[in-house]
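Subject: Structure for your files

Hello,

Please find the structure below. My notes on it follow.

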Amino acid sequence: MALKRRLKAGSMKMPLWVKRERDLEEDEDDDEVSMRYRRYEPEDRRSRHCPYLDTINRSVLDFDFEKLCSISLSHINVYACLVCGKYFQGRGLKSHAYIHSVQFSHHVFLNLHTLKFYCLPDNYEIIDSSLEDITYVLKPTFTKQQITNLDKQAKLSRAYDGTTYLPGIVGLNNIKANDYANAVLQALSNVPPLRNYFLEEENYRTIKRPPGDIMFLLVQRFGELMRKLWNPRNFKAHVSPHEMLQAVVLCSKKTFQITKQGDGVDFLSWFLNALNLALGGTKRKKKTIVTDVFQGSMRIFTKKLPHPDLPAEEKEHLMHNEEYQETMVESTFMYLTLDLPTAPLYKDEKEQLIIPQVPLFSILAKFNGIAEKEYKTYKENFLKRFQLTKLPPYLIFCIKRFTKNNFFVEKNPTIVNFPITNVDLREYLSEEAQNVHKHTTYDLVANIVHDGKPNEGAYRIHVLHHGTGKWYELQDLQVTDILPQMITLSEAYIQIWKRREDDETNQLGA
């Protein structure tokens, strides 16, 4: 202590060991600690191979969860212990990581932000090429060439535990009741142009957002999830969407949660619009990758109807008023809602309810520009008809299975019969749009299914792997291959269709 007082007074030159002791006592910030070590330590002291590398346990490493210190719950300067997999803050003498190292003799740590490795309690940086697989799992990266080849490859990857998996066709952990979101995220991850955009972080890293804009967190987390789902070097054959869903809970102001079952269509609608706005898009002018991939347009014709209780003569008179003439507006859409006919309660000879079936083209007739449907509001009734004017590269159908009223939600179990490939939508386009659209044929690439009761059911998804041409069914962590003809027997809820371009051949596993 006397020596330190004399040093502070400037009467003596401070020895290196005193400087080092003072620095470690006063500073627990990672980068500053590192810089102070570098002033006084030789190169082989601060950056070298470590004798404890054989204590690393890759089987316990899981970087899918929120990067929080397990003790302080802080996001700042968080390190992963590569021996037990737990997260701790800092690496100074009083830090949680340092104390954990001394208490349990765990020596190898990874800074989750800088991706640098350190040995504690000696506090030197570890440089070793054998650790690259760990940093790649934490932060996968893709070159343009790798992205280009994703849909041309059928090669299986091997996880650290020996299980094999197809990149992109991996299970998502159902933490509690988030399978509705998992299915939508899986579907979107298998839309190549959207996936390719988010695999390259440079595409959106430089987007300028207002200070304090939390919505951009949705973009960052979705990009991270895409890179993890398509990582060919994962330690395990599944991914947890925990960080992605934490962003969803925050950005949706708890409308969508991890612990409460949600509606897949509601989530899809919110997510696409939120993602578009977070990327800087607007409804009409500024486009983003979301609108480029999914946005189409239609004409909506609306005709007001007189009140049904009015006398016939008065109704006839009102129909000639300008207020009751048909009007037309142009509107964009991210998905098309297909209405199911009311399910009849027929029973067979065993008193079992007969589940009705309807062809896809029957419910698509809503958009032929001719079919009229009555829509009721609180005070007025309208007749509406729809006609498509622009078809997007990827077309989403949402089959309206649920009817909500003040008391309960009712589910329509009608089976929709649809072909897997060759769905031509030319007849649903206006005449001028038909002349503009060279290609109007679509093939199915994703099919989300809802099973069970409205508020207690579960979600699963069928996705096409472009590299193999095979279909797979994913439900939470379970991944199985499935025959295309089995897909059409399910209660389809959300579908994504890919438009064929140029002379594209049909190799979609039909």
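Strand 22 (residues 441-451) is mostly covered, with nine of its 11 residues buried; buried here means under 20% relative accessible area, exposed over 50%, and partly exposed in between (1.4 Å probe, protein chains only). Strands (E, at least two residues) and helices (H or I, at least four) are DSSP runs numbered from the N terminus. This is a predicted model, in which local features need pLDDT of at least 70, side-chain atom pairs count only at pLDDT 80 or more, and totals for chains, interfaces and linings use all residues. Residues are numbered from 1 along each chain as its sequence is written, and side-chain values use heavy atoms, with hydrogens and water left out.

Strand 22 has several pairings, where two strands count as paired if DSSP finds at least two bridges between them. With strand 26 (residues 492-499) it runs antiparallel over seven bridges, and L444 stands opposite W497 of strand 26. Six bridges join strand 22 to strand 23 (residues 458-465), again antiparallel; A446 has V463 as its bridge partner there. Six residues lie between the strands of this hairpin, in which G452 takes a positive phi near 90°. Strand 21 (residues 423-424) is joined to strand 22 by two bridges, also antiparallel, with D424 opposite T441.

A separate item is an open sheet of four strands in the order 12-11-16-15, with antiparallel pairing. Strand 12 (327-333) and strand 15 (373-376) each have a single partner strand and stand at the edges, so one side of each is left without a neighbour in the sheet. On average, neighbouring strands of this sheet are turned by 40° against each other, direction ignored (axes are lines fitted to C-alpha atoms, for helices over the stretch in contact, and angles run from 0 to 180 degrees between N-to-C directions). Strand 15 and strand 16 (residues 381-390) are antiparallel and share four bridges; E374 is partnered by L383 in strand 16.

Now the interior. A nonpolar core is a set of buried Ala, Val, Leu, Ile, Met, Phe, Trp, Tyr and Cys residues joined through side-chain atoms within 4.5 Å. The largest one has 102 residues, of which F198 and F294 touch the most other members. Helix 13 (residues 264-278) contributes the largest share of this core, nine residues. Apart from this core lies another, of 21 residues, including F63, L82, Y87 and V108. Leaving aside neighbours within four places in sequence, F294 is in contact (heavy atoms within 4.5 Å) with residues including L188, L272, F333, Y394 and I496.

Regards
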